[in-house]
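Trainee: Could we go through this model together, taking the surface and the charged pairs in turn?

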Amino acid sequence: SYPFGGTAMVRVLECLGIMVFVGLAGAAFRQLLQPLTLDALCFSLFALPLAYFAADLLSGLIHWVCDSFGCGATPIWGPLLVAPFRRHHHSPLQITQISLAENLGSSAIAGSLVLGFTLPPPAGSLAGTQAFFWHLWLWFIVFGVVSNLFHRWSHLPAAHKPHWMQVLQRWGLILNSQEHLRHHQRPYRINYCILCGWANALTNRVPWSRLESALALLGIKTNFD
């Protein structure tokens with residue numbers, strides 16, 4: 001069961017989480033880009049691809065954790081994160097049939113909590129390096145929140161994808177369907193990353209089964225699905 005009540009209440013919280021996140025992210029970008037200067041724009045543009053890769057890597061690590069630890073009944077994060085990933089394995093197309101609130105709600109709530117405690121200071125009070133890392137941090141959070149949307153798009157049937165989406169997937173700018181579907185084939189141990197897949201080259205080198213065995217020796221039990 002959900003930790004916050006019934007399904008209807010959870011959907012309401014997810015919608016609120018998305019609205020709050022959009023508001024907080026907008027306020028954060030406004031802080032960093034006012035006054036709008038060439039330096040601020042350059043910091044944001046240079047930070048964008050680094051944040052994109054880092055968020056993709058984070059999505060893969062979260063995916064591995066949800067695939068391998070806990071279950072749908074695990075307190076708090078079980079019904080919000082583990083259960084959706086486990087259901088997705090058994091019914092991959094379901095992610096294309098749920099509402100956007102359910103698709104993005106949990107990520108938006110988490111992102112809102114993080115942003116609520118880490119809103120950037122005014123741009124005028126930041127030195128160059130500080131400003132760059134604030135842009136990096138903000139883009140990282142935004143991309144982390146939208147990762148499951150790109151994951152959703154990767155499972156859309158080709159006939160339902162607009163041309164722009166197919167082009168972005170083909171160019172590898174968002175999660176490519178063919179590459180991601182390899183995760184849904186045995187041994188289910190590759191291509192964990194669900195934002196764009198850029199970090200799969202790194203995560204695919206990790207011996208996940210050996211790592212889980214080592215953690216089991218420390219008393220951290222796995223529940224691989």
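Trainee: Is Met9 buried or exposed, or does Met9 count as partly exposed, and at what relative accessibility?

Mentor: Bear in mind that this is a predicted model. Met9 lies in helix α1, and buried would require under 20% relative accessible area, whereas exposed would require over 50%. Met9 falls in between and therefore counts as partly exposed, its relative accessibility being 43%.

Trainee: Which element gives the largest share of the nonpolar patch?

Mentor: The nonpolar surface patch covers about 610 Å² and has Met9, Leu16 and Ile109 among its residues. The elements that contribute two or more residues to this patch are α1 (7-33) and α4 (100-117). With five residues, the largest share comes from α1.

Trainee: How many residues apart in sequence are the parts that Glu102 and Arg11 tie together?

Mentor: The side chains of Glu102 and Arg11 form a salt bridge, with an N to O distance of 3.8 Å. Because Glu102 lies in helix α4 and Arg11 in helix α1, the pair ties together parts whose separation in sequence is 91 residues.

Trainee: Where does Arg189 lie, given that Arg189 and Glu212 link distant parts of the chain?

Mentor: Arg189 and Glu212 meet through their side chains in a salt bridge of 2.6 Å, N to O, and both residues are buried. Glu212 belongs to helix α9 (residues 208-217), 23 residues apart from its partner, while Arg189 lies in the loop between α7 (177-181) and α8 (200-203).

Technical notes:
Residues are numbered from 1 along each chain as its sequence is written. This is a predicted model: local features need pLDDT of at least 70, side-chain atom pairs count only at pLDDT 80 or more; totals for chains, interfaces and linings use all residues. Side-chain values use heavy atoms; hydrogens and water are left out. Patches are made of residues with over 30% relative accessible area and no salt bridge: like charges are joined within 9 Å, nonpolar side chains (Val, Leu, Ile, Met, Phe, Trp, Tyr) within 5 Å. Accessible areas come from the Shrake-Rupley method with a 1.4 Å probe; for residues, only the protein chains shown count as cover. A salt bridge is a side-chain nitrogen of Lys or Arg within 4 Å of a carboxyl oxygen of Asp or Glu. Helices (H or I, at least four residues) and strands (E, at least two) are DSSP runs, numbered from the N terminus. Buried means under 20% relative accessible area, exposed over 50%, partly exposed in between (1.4 Å probe, protein chains only).
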